[in-house]
Amino acid sequence: MALRAARLNGAARSFWHTGASGTPCPPEPDTLNPQTLFDAQHQRSRHATPPSVAERHDRLARVARLLDEHTTALTDAVQADFGIRGARLTEIADLFVLRGMLGDLRRHLARWSRPQRVRTPLYLMPGRGHIQRQPLGVVGVIGPWNYPLQLTLGPAATALAAGNRVMLKPSEITPRTSALLAELVAKHFAPDEFTVVQGGADVAAEFAALPFDHLFFTGSTTVGRKVAEAAARNLTPTTLELGGKSPCIVDASCTDLEGVALKIAHGKLLNGGQTCIAPDYLLLPRGREAEFSAAYRAAVARLFPRLEGNPDYAAIVTERHQARLQALLDEARAGGAQVEDVGPPAGEGRARQLRPVLVFGAQPSMRLLQEEIFGPILPVLPCDTPDQAVAHINAQPRPLALYWFGTDTAARDQVLRRTVSGGVTVNDTLMHITHDGLPFGGVGDSGLGAYHGETGFLRFTHQKAVFVQSRWAMGQLLYPPYGARFDRMMGWIRKLL
């Protein structure tokens, strides 16, 4: 299918929550055509020798140089896209995790790339088997806007480490960052190695319909379903990193509510709440609402002594996103919920820095408890027993993350056994995503497949089974015609199984 070139389209539909505004400036307009870019990468992946470990190390080194040499330009672009999002916030929220991921890939690449020996059953000896790890071919990555560096270059670098060629489609909602990524990737990589496709929702839809060897998507569950549908037409395997309503449980055994509130506030308010694994709602022992409210207010004041113009407190990315959050609050108030502003005293006011709030008394039918919030709003749901908290979680689609606070290890283990979530952090928030040895991904409505560390490397790798038969093999004893000899051999083999 002929695809339109990706061009600057600030008014592009954002239904896909993907794509990128901004126009790159290559020498030939045809290089903007995703189909042309895909065809070049596909041809190379089928006819060129798979990249060696040394070549893969070189590609990872180039990604690292891209970051190191252009850190200021990248953080400035993110700041410009959000309106307010300081360089230090981008350093900790995007670049810190990304650099850690690159370091982990480079340390373990040689070991992960080696053939893996496997035990051979006695009845197949003296033959031997192993698993050969090979690149899939061409990997497509559709990235989101909320962490426009970590969640684009992270999966792209992992796919490059596995020996693949990569096409990246960043978000049109962060157009300056996406355009700069396109420029920098083109500076450090040949188009048939790694390239960036820009455009709006129409380009995102066409990108998802390309016959990739693997398609990696980070975004909303609604759009994830569309991506999976488009990929299925080509039998393209997918990794879907989605979202959902991640619960946070405070157990009755929790005594340090001030310390807990600080960790919850950090996880909730990082990036203005625009984090897929942010605590979406809090399950709190009934009767501790006032205590938690005071502790949370103090935590917010400690993290953000001021809000307006504070570069540590990110703005909501667009007016449309802010209007959606305001509509959630308006509906909650109209339905009788108590909306409590827990921010420091207001200053002069700055565009799209939504003040942090707690919401008490929200009803299950409210959008606040039905939709992923993706902002600095924390509903608090009182619970009478741990069983009630678990029942509430299990009545919802399975979440991307779950957080548990307390000192009762038996109660903790009960919750972990009885709930299913993409990942868990105990007595903190967000930290499981920073552990390179832990897979990161969702389950059910919150995602399909995982990456980070060796899990990510294998996500973009074909594990080819290889059996090498011995010249001394006796497999012909099981060939027809079948008779008494066959029966004796099968009887012997049954004893070995």
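The structure is a predicted model, in which local features need pLDDT of at least 70, side-chain atom pairs count only at pLDDT 80 or more, and totals for chains, interfaces and linings use all residues. Residues are numbered from 1 along each chain as its sequence is written, and side-chain values use heavy atoms, with hydrogens and water left out.

**Confidence**

- The average pLDDT (the predictor's confidence in each residue, from 0 to 100) is 92 for the protein, and 93% of the residues score at least 70.
- Residues 1–31 stay under 50 in pLDDT, and the model has 94 contacts for them beyond four places in sequence; a contact means heavy atoms within 4.5 Å.

**Helix 2 with helix 4**

- Helices here are DSSP runs of H or I with at least four residues, and strands are runs of E with at least two, numbered from the N terminus.
- The axes of helix 2 and helix 4 (residues 87–113) come within 10 Å and cross at roughly 170°; axes are lines fitted to C-alpha atoms, for helices over the stretch in contact, with angles from 0 to 180 degrees between N-to-C directions.
- The two helices are therefore roughly antiparallel to each other, the term for angles over 145 degrees.
- Helix 2 contributes residues including Val 53, Leu 60 and Asp 68, while helix 4 brings Leu 95, Arg 99 and Ser 113, among others.
- By class, this contact has 12 nonpolar, two polar and four charged residues; Ala, Val, Leu, Ile, Met, Phe, Trp, Tyr, Cys and Pro count as nonpolar, Asp, Glu, Lys and Arg as charged, and the others, Gly among them, as polar.

**Helix 2 with helix 6**

- Helix 2 (residues 53–69) and helix 6 (residues 175–188) have axes that come within 10 Å and cross at roughly 130°.
- This pair is therefore oblique, the class left once under 35 (roughly parallel), 65 to 115 (roughly perpendicular) and over 145 degrees are set aside.
- On the helix 2 side, Arg 62, Arg 65, Leu 66 and Glu 69 meet Leu 184, Val 185 and His 188 of helix 6.
- Those contact residues divide into three nonpolar, one polar and three charged.

- Three strands form an open sheet in the order 1-2-18, with antiparallel pairing; two strands pair if DSSP finds at least two bridges between them.
- Strand 1 (116–118) and strand 18 (461–468) stand at the edges with a single partner strand each, so one side of each has no neighbour in the sheet.
- Neighbouring strands of this sheet are turned by 25° against each other on average, direction ignored.
- Three bridges join strand 1 to strand 2 (residues 128–135), and Arg 117 has His 130 in strand 2 as its bridge partner.
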